[in-house]
Every structure is written in structure tokens, then in C-alpha cells.
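I opened this notebook to record what I looked up in the model, going from the whole chain to single details.

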Amino acid sequence: MTNHPSTSSLRVSSWSTESPRHISHTMLTKMDERKPLKQGLKKRRQPDEGGGGGEMKRKRGGETGQKPQGDGGKKRLDALSVGYFRRVGDRLTEGFDDDEEKEMFVTNVLTEVKGKAALVASDQTGSITLQRLLQLSSPEQVGEVLAELGGESGADFKTISCDRCGGHVVESAVRQMSRFSESSPEETNTREEEEGTFEALEAQVLCLSGVVRDNSAEFLGHVHGSHVVRTLLHVLAGCIGPPRTDARAGVKERNSVSPLTDFDVPTSFWYELKSLTEALMDNVTLSVIDAAASAVFQTMLTVCHRKRPKLCKQLLKRIMEYLSSRSAAPGVSPLLVFLKDQASSRLIDTVIQLAHKSLLCGLYKKHLKGQLVDLALHPIANFPVQRLTAASAKYKLFQKLFDELLQGLEAILAAGHMGVIVQLAEGCAESEERQEELIQCLLHAFHCAEPGSRHVRCLPLFMSLLTYEVYYHSDAAEGSAQTEVPLSSICYHGSRLVQALAKFKDRSLLLSSLRTLTPADLLTLATDPAGSHVLQALITSSSDKGRGKILKRLEGQYVKMACSRLGSRVLEAVWNSSSVSQRQNIAQELVGCESQLRSDQFARHVWAKFALSHFAHRKAHWQEIQTGESKKRKLFSEILE
């Protein structure tokens, strides 16, 4: 290069061989030698990287490192530095030959970052690369980066945490606490040696928390800053989930629950968590008017429920007291308004999921009694109704909810809020109460209760969520359909409903309906994304005699099932629950198509797991092994019962 950035910008090619930074430069050079085609792309610009016009600026003698880019005067990295961090990212992707090489590379790159950490963190490419570097850094290095981002007093944490790119870097740095707290026995000595550096990182996390406490309202209401608060709550509590990404569309699934990993935290974090929750509770008003703030409060309750249950109980009580104290129309609970709001309803979702018995009972008695059907028909409020139904299944409260919701079951079905119906069925299965009543109500709702001959047609109706007349294209007032209709329109919620009904004590109606399906319909069911779960649930939960009747109708379909991605999984589940004689019948049909099964990507696994080569050539030995497995399975089931 003939033009170099000013001394204040990050250098790539002007390091001297005597400088320790030369090592990371050498590593990047080696990488570039292996990728000669990349050299031709060095002038390509990426959006949000602030690299536009970098070459022209150098020719004009302008500053290359920190020029405002038309976004409110925000400083950005120059094009040369952006290219450098892209190359660093590529080098990290390639990996290192040993830990020493990796540590030296990370150290040298972080040396280049020093003094410009905020500028690097605020750039898209720099942010991504810095996050990856922090995952490989020592606690001392992470602490130094955080200290620079926060400034002398920590006041700069607010600015960088509320930056679109910088917030990710702060989160990544704070998350490293979990990595340093997980020490294997052989690492104990190393951990003791690093106590001093570890305390430096601990101090920076506490400093960040202090800034959040002092500016809690600003953090709670900020789309990026709120994510930093959520990560901070996780770390202070000692449980961390997977890192967030930019790929999310902004709408989170209500049922999605990220797995959390517990780790040890310093004693100071326990006290700080209490202080932080107090500061957040001072702004509880934001939790019902702002979606970002609502998400923070949900995180706060979740982590406290996991690690600080007593604190969680106090927080739940205070939040419910606040929600109940708001003004509403005379005689109308304010909760009815909050339940219909996008932000506050999600918070109430979490409150219900984590609430203890007395809180649930009080919530229903004081606020929701007589309102459940109206709420279940609302496009937003029906979700908290689902949570309440699920949470109350282990208490007598469930029967009160059941009685109320059953009155509006057809209206709820018509509204398309099947989650409420599915959860009602799940509650009946868990509580072992009111199961027959729900079945009869569903038969009436799907118009297959009268005449009795329609009962055996219920399974396709439940799975498709269509009434008898619609599914069978019939206007007849009585009798069954005159022509068979191939199984179709199996939907997700219909599958969930039948899987819940399959857990009932009396499954005879479902099994009778299943046995009326043609072999072709059963194959359709086995190979359908939603239907395969239904068939597996019904067959594996049946008695040996009932399973035998279903398997009899499946004869001739086993090879096609084995060659299907979903069907092969159902077949394996059926095999695991079948008797030796039933397995023998399945194996007898499969071995006749050995070449087809062995060449299929799914069926070859079935061939191996069922030991069909043994069945074909050493049948007596195969039968002996299967008999032994059957006895073991029976013994374990008796122990579990």
C-alpha cells in the first residue's frame, strides 16, 4: 500500500518485524497467501461499515479514522481498519495449531484495539470480530476491554450499551463470566492464580450494573440497552442461555424457552442482583407500556425463580399488586385491560407460569372469574388463558376453569384459538379429571356425536379441525358418509389435540376411529409431519392386543414407512413398543426388500437397528436376542410403575 492511515488509526501493513504485533500481521499474511482471490475484493464496501470513499479521503489528505458518516455525527472505522477486522475474523474462522498461537494472536489484536475499543465495538465488522475475540480472551483481557468501554467512572457504559453494535460487545464480555466460573478439577490451580484478574472482571460487571441501576428507565426502554440488562440479570443470577443473534425477526414465539446453564457466581453478585431488581421495580410502570421493558421484567422473574425463589415470590407479589392497583372502569378489573395488551400480556404470561397456588387462585377469583371465555376469544388475551389453564392443572382450580371454558368451546374453536382447547385437553390428561366430558363436548362441536355411527369418524375431524359436514362434503342429517374421503388436511393444532387425548384413561374412541382408516390413510398419517406424532402416540400407548389390530392394518406399508424420513421414526417407535411376535411380522415383511432398504438413506438405519441381517440368516439367534430385550423392557416398566 502506498497510502497509510494516520497514526491514530489501526495499522495493518506497516508493523516492523521487531514489534510483537508483527506476529498477528504474519498470521494474517499467511492466510492471505492461502486465499489470493480475496485480495481483489479489498475495496468492496459493506453497508453500515463506514468504509465508503476511504480511498478518496486518503487522496485528498482527509482524516481516515474517525470521520462523521451522516448518522448524527457518529464516528466510524475507516475502510482500511474495517478490512483488517474482516481479515482477523477470517483468521479466527480458520483456527489455530495450538493454544500458544491462539493466545498470541488474540493478545496482539487486542493490543491494536486498545484505546479505540468503543470505536471498534460500534462498527458492524469490528463488533462481530471483537465478540469472537472475547470468547477466546483471558478474564484480565475481557476486564480491560470492559474498563475501556465504560470509561474511568463507567458512565460510558450507557452509550455503548445502547448502540446497535456496541450492545452486543458488552453482552459478550459480560457473558464470559460464566466461562471463567466453570473450572474443572485440573484447572483449580490456574483459577487460583487468576483470582486477581478475575476480580477485575467482576468489578467491571458490578460497575456496569451500577450504571444500569442509576439509569434504569433509559436502559429499560431502549431496544438495545434492554438486551444488555437481560444478559446482566442472567449473569448476576448465575444462569446463562445461548447468545442472541441479529437474525431474529423481532417476533418471539410465546412457547419458546431457551435452555439455561447454571454456573457459580461471586457473593457480590447475589447482593447486586437484589439491588438491581429493586431499581428495576422502581420503573415497573414501563413493564406494561413498553415491549422491551416487559421483556426485561420477564427475564428478571425467570432467573430469580430459578436461582432466588424467595426473591421471585416477592417480585411476583409486587408486580401483581401494581397491576391490580391501576385505575379502570368501575367494577372492571385493570388486569382485563393489561391481558389484552401485547407488552403487558407477555409479562402476565410469565407471572402466571411462575406463580404459586395462592397467587393463581387469587388471580382467578378477584380478576378473571366469569371472563375466561371472552379472554379466550381475544387475539392476545387467549395466550395468558392458556398459561393459566396449564398452571392450574395440578390444583383444584383447574375444574373451575374447565367448567367456564367448556361453555364457550365451540366459539373458541370458531375463533381459531386452538391453543386454548389443546391446553384444556392437556390439563384433563394431567389432572385425570373431566376427560369424558371434554370428549363428548368435542364430538358435539365437530358434529359427530349423533348418530352414534359417526363416532368412528372423529379422528380425521380432530386432526384436520373440520366439522363432519365440511370434511366429508356431506349435508346429510344422519348416517355416515357414503363415500370414503382420503385422509388430508392434518394440521399442527389438530395433531396436538389428539396427542393430548391419547393420554386419557379411555382411548377406545380414538383407537376405534384409527382402525377404520385404510392402509393408505395410515401411510399418509405415518409420513405426515403432524400426523406421524399422532400415529406414534396412539400405537405406543395401546395394549398389545390393540397394537396388534393396528399393525394388522399396516401390513404391506412397512417398506414404504421405512423409506420415509418421518415414517422410519414412527416404525422405530412402534418396534420398540411391540412384542416379539409383532416384531417378527414386521421383520418378515421388511427382509423381502433387502436391496431396497439397504440402499435407502432412511431405511438402511432401520435395517441395522432391527438386526434384519440376523433375522434373515440366523433367525433363532435373532429371536433369542429379541426375547431377552422384551423381558428387560417389561422388567423396567414394572419398576417404573
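I took contact to mean heavy atoms within 4.5 Å. On that basis, residues 24 or more positions apart account for 70% of the contacts in the protein chain with a separation of 6 or more.

I noted the source: this is a predicted model, in which local features need pLDDT of at least 70 and side-chain atom pairs count only at pLDDT 80 or more, while totals for chains, interfaces and linings use all residues. Residues are numbered from 1 along each chain as its sequence is written, and side-chain values use heavy atoms, with hydrogens and water left out.

Entry on the chain. I found 39 helices and 2 strands, taken as DSSP runs (helices H or I, at least four residues; strands E, at least two) numbered from the N terminus. Of the 641 residues, 50% are buried, that is, under 20% relative accessible area with a 1.4 Å probe, protein chains only.

Entry on Ala391. I located Ala391 in helix α21 (residues 382–391). Its relative accessible area is 12%, so Ala391 is buried. Leaving aside neighbours within four places in sequence, Ala391 is in contact with Ile352 and Leu360. Ala355 lies 36 residues from Ala391 in sequence, and the C-alpha to C-alpha distance is 8.2 Å.

Entry on a helix pair. How do α29 (residues 508–515) and α32 (residues 544–554) pack, and at what angle? I read an angle of about 20°, with the axes 10 Å apart; axes are lines fitted to C-alpha atoms over the stretch in contact, and angles run from 0 to 180 degrees between N-to-C directions. The two helices are therefore roughly parallel (angles under 35 degrees). Leu511, Leu514 and Arg515 of α29 meet Gly546, Lys549, Ile550 and Arg553 of α32 in this contact.

Definitions and conventions:
Angles under 35 degrees count as roughly parallel, over 145 as roughly antiparallel, 65 to 115 as roughly perpendicular and the rest as oblique.
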